[in-house]
Structures are given as structure tokens and as C-alpha cells.
Amino acid sequence: MPKADVLVYNIGQVVLFPRKPLRRVSPEAAGIKESYAIAIRDGNVVEVGPSGIVKSKYECNVCINAEGRLVTPGLVDPHTHLIFAGSREDEFELKLMGYTYLEILKRGGGIYRTVRMTRNSSIEELIDKARKTLELVLSGGTTTVETKSGYGLLPEHEIKMLEAAKRASKDLPIKVVRTLLAHVIPEEYLDKRSDYIKLFDSIIVEVSKRKIAKYIDVFCDRGAFNVNESLHILRRGIEEGLRARMHADQLEYMGCSLLAEKVYLDSIDHLEKTPPKNARIFAVTGTVATFTPTSMVAMMEIEKPKLVGELKRLGVPIAVGSDYNPNNMTPLQQTTMDISTYILGLTPLEALAAATVNAAWNIREEGGQLIPRAPGDLIVWDMENYRWIGYTWGYDKTLAVISKGKVWKNLIS
Ligand SMILES: [Zn+2]
């Protein structure tokens, strides 16, 4: 009798998803099945099929009776900033008392405060904090996560952040994809921008040499990098062998998303201010459109992006990410998925695709589907079917989380 490390059976409803991203989400395209079982061995899915057949075929080490509940692939979070030091809860209160972003900056707050705290932290301190976050998100069903540099800004500190990201997941069953992010111009270079761009070139070279990042990313927006600077940074990253992605059109539309026509981008993230007509660029280039709905809440100016409807009409894959950062302390991709129904108007199944199969494609990683040879990443939810996604939210709805074939959490007795 073949052995399975983990066997989940008596699944009420499972959403399998195909290997490729979903451009138009429907129950048929998503591969929804009922009364199924899934066998996992050596970290990967080995068989998916009717519960009775699969259960009788395998001898299981861990056997989980899903008792008619919903099972989905593990969640993939394609956009986080989980390496940083300190917190800024006092600024949250100031914002609610009516202080503007500029006033908070003048009081020594905002991103440069996180930069100071991150520079003053040792790599071990950054690793400890990040590891706690990784354990938390795993418990909430995130099995693959992307994270970035961008709070060090100077070479040694950017490298320190990426090394911390590399070491934080040691012995944890979670995949961490690392990105070198050109976030903002450091305070000490504010009146010599071109010098910083040159310095950043040297960071790209060093990061590439050490092989500590898969992606180059740039924050192309008001107060960060302009279109030409962003183009330069992305091209230098690609020349050094990195794949490219971008933060764009979050605070203001300056034409940043048009860069997808000039360089190949796996994803453009944020897109709050992108004009709907730019949806055609995504359709032509194959770039994934990634939204970060909880960061829209944190910015306290929620307006449903007009781009979403046009992207759906053109069949562009949509992903969502948590954008977990000191200004948006929402680490769970589960929450991102749930509230994307309200803030972006995604249907429950579109939201699930955006947080699994499309998110995995966004970062060009395996995962986000439950088919033979896919990573053994799955969630047993305290829900009967996918329509409960978004319908209920605000608490952890996962009962069992299997990641890379390991049982991380199992509350089902
Ligand atoms: Zn971000």
C-alpha cells in the first residue's frame, strides 16, 4: 500500500485551481470538486480524487477528516514588507487626531523613522521579529510569501534586510521570496538624488552577486522615484539577472504603470490611481495586476479603483497582497482576501484566485493549486464552501494548515 505523509479526506468542497493563472474566474475554470481527498508525500501533492478511492489507496501517517469542510490551496502573499524594526502606533493615533502626513514627517515620524530603527537593529533582532511574523502568517494559512528590503536604503542595511529575510524562515515550512526594493531617497541624499541612484546601482550589483534577491522593485510615485529614475533602476536590475516588479500609481498617477511597455514586469502593485485605459497594457504584456486592499484602508482614503472592472473585462489576472508594513499592520493574507471582496468588488472565488494561483504566478513560484506534483500546501477551513470568503471575516478561519507537506497547524481532532 503506498504511503502518504498527510491525507485529507471527506472534503466537502475543494478548489483545485489549474497550473496557470486564472484570467477569468468561474467555478468550472477554478476546478471545484466535492467529496474529495488529497494525498501528500515528500512535500508534494501525489494524488487528488474522490474521497473513498484515494482514502482506501493510501496508508497515511497523518490522516485528517475534513468532515465536509472547504479545502483550498495554501495562500500566497505576493507583497509584504515584513522585515523592519519598531512600530508606529503613536502616528496612527496622530493621524486620527487630524495630523497630516507632512506634519508627522516633521515630528520625525513616517518611513524615515522606520529606516532609523531598522538601521539601528542587528540582523539577529530583525530575524527574531520576522520569524514571529512568519509563524503567525503560517498559522493563518499563508504558505508562500514575498518580502522586500527598503528600510535600510544604504548598501549595508539593504543587504542586512535581505540576509535577515533569507535566515528568518530557516526550518520553517514557508517559502520566502526576496525582493530588492528602491523605496525612497534616504534623508542624507534628498538634495543629491542622482548620487543615490548611482549608489543604488552598486546595491543592485552586490545583491545580484550574493544571490539574495529574485526581484528588483521600485516605488514609482510622488515622493519616491520618478518615471525615468524607476526605468533606470528596473533596467539595471534586469541587466544583473533579477526579475522585475514595481510599486506604482498608489498616491498619484504620474505614468508609472506605462513602464510595463518598456520593461518586462511580472507584476505592478498598488494601482489605486491607475486610469482604467491602462488595463490594456496588462492585457498585452501579461503583467499581473496586484492590489493591496488593506493598505488602502490604512491610508484612510478608500476609493474602489476604477481599473478593476476594466481588468476583469479584458481577462487580466488579478492578485492581492497584504502589503504588511509598519503603516499597515495586517499580516494575514486571509484578511486581505476577505476584504478584497468589499474594497475591490472581487467575488469570493475571484478573491481566492487572487490570493492563491494568481499570486503564485505573480511571483513566478509553484503553489496556489492542488494538483499532482504541486507543493503540499493546503488549508482546511472552518467554512463549508468558498462563498463564505469575505462573507465572514475578522477572525482566523483556518482549522488545519499544511505547508510544504508538513502539518503546521491541526485543530481538527
Ligand atoms: Zn509595498
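Reader: Why is Glu-59 called partly exposed?

Author: Buried means under 20% relative accessible area and exposed means over 50%, with partly exposed in between (1.4 Å probe, protein chains only). Glu-59 has a relative accessible area of 39%, so it counts as partly exposed. The model is predicted: local features need pLDDT of at least 70 and side-chain atom pairs count only at pLDDT 80 or more, while totals for chains, interfaces and linings use all residues. Residues are numbered from 1 along each chain as its sequence is written, and side-chain values use heavy atoms, with hydrogens and water left out.

Reader: What makes Lys-3 and Glu-59 a salt bridge?

Author: The term requires a side-chain nitrogen of Lys or Arg within 4 Å of a carboxyl oxygen of Asp or Glu. For Lys-3 and Glu-59 the closest N and O atoms are 3.9 Å apart. Since Lys-3 belongs to strand β1 (residues 3-15) and Glu-59 to strand β4 (residues 59-65), the pair ties together parts 56 residues apart in sequence. Strands (E, at least two residues) and helices (H or I, at least four) are DSSP runs, numbered from the N terminus.

Reader: How do you know that Glu-365 and Lys-175 form a salt bridge, and which parts does the pair tie together?

Author: Their closest N and O atoms are 3.0 Å apart. Glu-365 sits in the loop between α15 (357-362) and β14 (378-381), and Lys-175 in strand β8 (residues 175-182), so the pair ties together parts 190 residues apart in sequence. Lys-175 has 36% relative accessibility and therefore counts as partly exposed.

Reader: How many salt bridges does a search of the whole structure find?

Author: The search finds 34. One of them joins Lys-306 and Glu-303 at 3.3 Å, N to O; both residues are exposed. Salt bridges with shared partners also join Glu-146, Lys-148, Asp-217, Arg-245 and Asp-269 into one network.

Reader: Which residues count as donors to the zinc ion?

Author: Donors are N, O and S atoms within 2.8 Å of the metal (3.2 Å for Na, K and Ca); water is not among the atoms, so sites may look incomplete. His-79 (NE2), His-81 (NE2), His-247 (NE2) and Asp-323 (OD) coordinate the zinc ion at 2.0 to 2.8 Å.

Reader: Why is the arrangement around the zinc ion called irregular?

Author: Four donors are tetrahedral if all angles lie between 85 and 135 degrees; four are square planar and six octahedral if opposite donors are over 155 degrees apart and all others between 65 and 115; anything else is irregular. The 4 donor atoms subtend angles of 78 to 170 degrees, which makes the arrangement irregular.

Reader: What makes His-81 and His-247 buried?

Author: His-81 has 2% relative accessibility, so it counts as buried; His-247, at 3%, therefore counts as buried too.
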